[in-house]
Amino acid sequence: MAVIGARRAGSSPTASDGEAAPLETVSSIEWTGEGLTVLDQRCVPDDTVFLQLTTIDGVIEAIATLAVRGANVLGTAGAFGYVLGLRAGLAPEDVAARVIAARPTAVNLRVAVELAHDAQRRGEDPLGVALRLLDEDREACATIGELGRQELAGRDRLLTHCNTGALATTGRGTALGIVYAKAEAGEPVTVLATETRPLRQGARLTVWELHKAGIPVTLLVDSAAAAALVAGKADAVVVGADRIAANGDTANKVGTLALAIAAKHAGVPFYVAATWNAIDASTPDGSAIPIEERAAAEVLGAGPGAAAADTRVWNPAFDVTPAGLITGIVTERGVLHAPYGPAIAQATR
Ligand code: MRU
């Protein structure tokens with residue numbers, strides 16, 4: 001992974017410091033013709049570092065280390081990674097398998113690589129698939145934003161988890177896409193963003209994005225979310241998805257299940273927003289979704305305040321929210337409601 005540009009970003013611009021343009025969003029991934037230029041999300045918000053990924057190994061490393069992250073961008077990056085593997089003369093089957101294995105939970109990665117691989121087997125150029133996915137993701141996010149805006153009319157205070165915005169998609173995002181659509185329509189919207197332990201995508205990425213767009217955001221630690229919901233501080237919870245099983249059970253960033261349980265207890269609607277390629281009709285329910293487990297070091301930390309290095313750790317990156325806790329699933333094909341099995345089957349036809 002070559003670093004092609006690095007800038008000390010300093011503190012994020014805020015809505016009040018006069019620097020932020022309304023609804024300014026970032027571009028997380030671009031195809032240059034030679035490779036991918038991606039914003040290194042490990043460095044946000046402190047530094048704006050762009051990586052030039054010109055090899056399949058570079059793409060896989062960027063995905064595995066979360067330089068590139070978020071289900072939708074994993075998909076598009078994976079498709080371009082497949083293209084780079086073929087350009088290096090590697091066997092298509094091996095290339096597909098290696099890229100898909102880079103992260104197991106977000107089915108978007110598998111879907112995108114298989115689309116590119118299918119094109120290759122038909123004798124078509126898989127680069128065309130990858131480029132098309134960039135556009136389709138952007139358009140799907142815009143539709144989700146608008147449908148979610150209508151569904152959540154009058155619900156102005158939204159609690160969200162992890163990062164589902166412009167950094168995680170090639171558009172403006174899924175759950176955060178709804179926030180942006182509300183703001184763009186001139187409707188009042190404020191966000192409660194969970195920190196999202198252990199890698200702090202909420203604190204680092206969501207807060208940064210919303211500051212740039214001039215949308216008011218309040219950060220809270222994950223363990224404060226239940227109290228916020230019970231105290232009536234949010235009108236709805238809106239999260240993304242890494243995989244939605246055929247019955248509506250949804251895998252998303254670890255901590256989502258706790259939010260859904262707390263929302264149910266507090267009587268707050270709980271929405272999932274996801275592009276259709278997060279739906280995995282071949283996985284019957286949440287128990288069959290592979291959950292990525294990541295390194296202990298992410299939880300232990302480093303330096304002052306770190307836990308003892310020999311501490312045993314369980315670090316699942318995702319959890320599964322049962323369909324019964326989900327008020328609605330906002331997709332570009334419409335807003336689905338329970339029972340999700342038939343709703344998904346019908347929208348798939
Ligand atoms: O581990 P991450 O940061 O890739 O996890 C991301 C999430 O869980 C998002 O909520 C999900 O991918 C949806 S992004 C549109």
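**Exercise 1. The hairpin of β9 and β10**

Find which residue takes a positive phi in the hairpin of β9 and β10.

Solution. Four residues lie between the two strands of this hairpin, and G248 takes a positive phi near 95°. Strands here are DSSP runs (E, at least two residues) and helices are DSSP runs (H or I, at least four residues), numbered from the N terminus. The model is predicted, so local features need pLDDT of at least 70, side-chain atom pairs count only at pLDDT 80 or more, and totals for chains, interfaces and linings use all residues. Residues are numbered from 1 along each chain as its sequence is written, and side-chain values use heavy atoms, with hydrogens and water left out.

**Exercise 2. The four-stranded sheet**

Work out the order of the open sheet of four strands and the sense in which its strands pair.

Solution. Step 1: two strands pair if DSSP finds at least two bridges between them. Step 2: the order is β12-β9-β10-β13, with mixed pairing. The edge strands, each pairing on one side only, are β12 (279-280) and β13 (318-321). Step 3: β9 (residues 243-245) pairs with β12 in the parallel sense over two bridges, and I244 stands opposite I279 in β12. Step 4: β9 also pairs with β10 (residues 250-253), in the antiparallel sense over two bridges; here the bridge partner of I244 is T250. Step 5: β10 and β13 run antiparallel and are joined by four bridges, with T250 opposite T321 in β13.

**Exercise 3. Helix α5**

Compare the reach of α5 with the expected value, and find which residue caps its N-terminal end.

Solution. Step 1: the expected span is 1.5 Å times one less than the number of residues. Step 2: α5 (residues 126-151) has 26 residues and reaches 36 Å from its first C-alpha to its last, close to the expected 38 Å. Step 3: the cap is D125, with a side-chain oxygen 3.0 Å from the backbone nitrogen of L127.

**Exercise 4. The ligand**

Determine how many residues surround the ligand and which are the closest.

Solution. Step 1: a residue is near a molecule if one of its heavy atoms lies within 4 Å of it. Step 2: 18 residues surround the ligand, and the closest are R69, A71, R103, N252 and K253. Step 3: a polar side-chain atom of N252 lies 2.6 Å from a ligand oxygen atom, and a backbone N or O atom of A71 lies 2.8 Å from a ligand oxygen atom.

How values were computed
A polar contact is a pair of N or O atoms within 3.5 Å; within protein, one must be able to donate a hydrogen and the other to accept it, and residues adjacent in sequence count only if both atoms are side-chain atoms.
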